Amino acid sequence: RCAKVAIVRRRIGIAAAVVLLVAVASLGVRFFLPEARFVYGVVAAGEDEALLLTRRNEDHGTSFWIERVGLDGRLRWSFETTPLAASDALGHSGVAADDSRVIVLARDGEREFALALDRKAGRRLWQTALPGDRPTGRIGPMVMIDGPRVYLVRETDAGQGPTERIDALALEDGALLWTFAPETGIDLHVLAPGRLLVGLRGGGGRVLDGTSGAVSQTIELSRVICTIAEGALASARGQAMLVPAAADRPIWRIEAEQSWYASDGPCGARGEDPVLVARRGSDGAMMLVRVDRGSGRPRFQTELGAGNVEPLVSLDGRLPRFLPVAGFGSDEGGAIRQEFAVFDLEDGSEVRRAAIRDHVEVVATPERAWLWLPFKGLLVGLDPATGAIERASAVQGLGTSHARREDLRFGSLWLHGYGWARPEALPWAAVDLRSGEFLRLNGIASARDATAEARASLGGS
C-alpha cells in the first residue's frame, strides 16, 4: 500500500510539474517576446492572403492588432487598433476588404467605431464613431462592402433588450449615408450591387436601395434561407420562393405537390435548380428537395431521416453532385443521435450514412463537398464522382475554427490556432478546397494524412 501511495504521489508531482512548466513557458513567451500575441479571428482577403485579428493580454490591459499575412508566410503589415478591439463572435468577424481598403468594425467598451485602413500600406485612412445605443455584439455577418459603400450590421441595447440595425458608410471618407433600424433582429443579403434584402426576425422582409436606404419593396416572408446567383431563397408561411437579384424580375414561388414548409438547413443550387430542406406538414419529416427551375415543381423529395439538420457553408451557392447532410435527432430511448448522410443531387438517392460523435460542418464548392470537424481538427473530402471519402487530413496546432461563407470567396478555407507567437510565426493554415492541398501551415500548425481513420470512423471507402 505504501508503494502505491508513493507512486500516486509521484504521478501527482509529475503532473503538477508539467502544469507549472506550461505556465512558466507561457509567461516566458510573453516576457521574452514582447511582440508575441495570439489570433482570435481570421478573414480571407484574396487568393493568397488573409487578415488576422490578434490580441495580447497583460496586467495593465489588452492590446489589439490587424495583421495582413500572405501564403508565403510573410507579414505584410501590422496595425495596432488598441484600445479598439475588432469584433468577432463564433467565427464571424467584423472585418472585410476590397482591393484598396480594409474595413474594421471595432468596440471600445460602450462605444463602437468603423475604421478604414489602406490595404497596401496598413495605415489608417479614416475612423468614424457609430451612432446608436450600447453595443452588445452580434453573432452573424457584420461588414459587407458594396461598391462605394460599406454596410455595418450591429446589435445595440437601449435597456429594453437588444435590437439590430444597419449603418451605411461611404468607403471614401466614412461619412454616414443612412441607417435602417427596424427595432428587431435582421438578416442582410446583398442581392446585387445597390439592391439589398433585409429579413426581419419577427417576420417580413424589405428590399432596400443601397444608395439611399429607402424601402423599395415590402415582402411577406418568414426567413431568408440562403442566397444563390439568381437571388435569395426564402420562405413565407412555409412556402419557398426566390427573391430575384434583378429588380425587374418578379418573385418566383415554388409549387409543392403536398404540404411542406421550407426550413433551415443545406440550401443552394444544382445547375439552375434550387436545392433546399423542407419539413413535411403531415408528419414533420425533414426532406431534401430539388426544384425544377422551369416548372417550379420538385424533381425529388428525399426523406433525411433526422429531426434537425445543420446548415451548409458554400462558396457561392452552387452545389456539387454529392452533398453530405449532417443531422441530429433522438432515438426511441430519447438519446441524442448524430449522423451524416451523402445524397446524389441528380436523383435524390442516398449514397451512404454514418453515425458521428463530434460536431461536423459541411463545406461545399461547386466541384466537391467537405466535412470539417472543428473539435477534432479533421478535414474530410468527398470524391466528386462517387461521393465516397477520397481524402482526409488531421490538423494539429489549430483551434476550433468555424467555417464561414465569407471565408470561401477565393476557394480556400483559412483556419487559425491560439498559441502565443510573433506575428510572422502565428499558427494558421490555408487549404485549397478544390484539391485539398494545404497551401500553408504556419507556425506550429501541422497536418498528417488521416484518410484511413476517417473511412473507418465515418464509413465508406
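By class, the lining of the second largest cavity has four nonpolar, three polar and two charged residues, where Ala, Val, Leu, Ile, Met, Phe, Trp, Tyr, Cys and Pro count as nonpolar, Asp, Glu, Lys and Arg as charged, and the others, Gly among them, as polar. The residues concerned are Glu-310, Ala-326, Gly-327, Phe-328, Gln-338, Ile-356, Asp-358, His-359 and Val-360, and strand β31 gives the most to this lining, with three residues. The structure is a predicted model, in which local features need pLDDT of at least 70 and side-chain atom pairs count only at pLDDT 80 or more, while totals for chains, interfaces and linings use all residues. Residues are numbered from 1 along each chain as its sequence is written, and side-chain values use heavy atoms, with hydrogens and water left out.

**Cavities**

A cavity is defined on a 1 Å grid over the protein atoms alone as a set of points where a 1.4 Å probe fits but cannot get out, and its lining residues have an atom within 4 Å of a point. Grid points are joined across faces, edges and corners, and a volume is the space filled by probe spheres set on the points.

| Cavity | Volume | Lining by class |
|---|---|---|
| Largest | about 50 Å³ | eight nonpolar, one polar and two charged residues |

The lining of the largest cavity is made up of Leu-304, Ala-306, Val-309, Val-325, Ala-326, Gly-327, Glu-339, Phe-340, Ala-341, Phe-343 and Arg-353. Strands β31 (322-330) and β32 (336-344) each supply at least two residues of that lining, and the largest share, four residues, comes from β32.

**Overall make-up**

The protein has two helices and 41 strands; helices (H or I, at least four residues) and strands (E, at least two) are DSSP runs, numbered from the N terminus. Of its 461 residues, 53% count as buried, a term that means under 20% relative accessible area, with exposed meaning over 50% and partly exposed in between (1.4 Å probe, protein chains only). Among contacts (heavy atoms within 4.5 Å) between residues at least 6 apart in sequence, 43% join residues at least 24 apart.

Gly-41 lies in strand β1 and counts as buried because its relative accessibility is 2%. In sequence Gly-41 and Leu-52 are eleven residues apart, while in space their C-alpha atoms are 5.9 Å apart. Not counting residues up to four places away in sequence, Gly-41 touches Leu-51, Leu-52, Leu-53, Asp-88, Ser-93 and His-416.

Rings of Phe, Tyr and Trp (its six-membered ring) pair if their centres lie within 6.5 Å, with planes under 30 degrees apart counted as stacked, over 60 as edge-to-face and the rest as tilted. By this rule the count comes to four aromatic pairs. One of them is the edge-to-face pair of Tyr-40 and Phe-64, at 6.5 Å centre to centre and with 80° between the planes. This pair links distant parts of the chain, since Tyr-40 is in strand β1 (residues 38-44) and Phe-64 is in strand β3 (residues 61-70), 24 residues apart. Both partners are buried, Tyr-40 at 14% relative accessibility and Phe-64 with a relative accessible area of 9%.

A charge sits over a ring if NZ of Lys or CZ of Arg is within 6 Å of the ring centre and within 35 degrees of the ring normal. The charged end of Arg-37 sits in this way over the ring of Trp-65, 3.6 Å from its centre, and that of Arg-293 over the ring of Trp-252, 4.1 Å from its centre.

**A cis peptide bond**

Most peptide bonds are trans. The bond from Thr-82 to Pro-83, however, is cis, with omega near 10°, and Pro-83 lies in the loop between β4 (75-80) and β5 (85-86).

**Two further buried residues**

Ala-392 is found in strand β37 (residues 389-396) and is buried, with a relative accessible area of 1%. Ala-392 and Gly-381, eleven residues apart in sequence, are 6.0 Å apart in space, C-alpha to C-alpha. Leaving out residues up to four places away in sequence, Ala-392 touches Leu-378, Leu-379, Val-380, Arg-448, Asp-449, Ala-450, Thr-451 and Ala-454.

Asp-432, placed in strand β39 (residues 428-432), is likewise buried, with a relative accessible area of 13%. Apart from its neighbours within four places in sequence, Asp-432 is in contact with Trp-370, Gly-411, Ser-412, Glu-437 and Leu-439.

Definitions and conventions. On a 1 Å grid over the protein atoms alone, a cavity is a set of points where a 1.4 Å probe fits but cannot get out, and a pocket is an open set with protein on both sides within 12 Å along at least five of seven lines; lining residues have an atom within 4 Å of a point.
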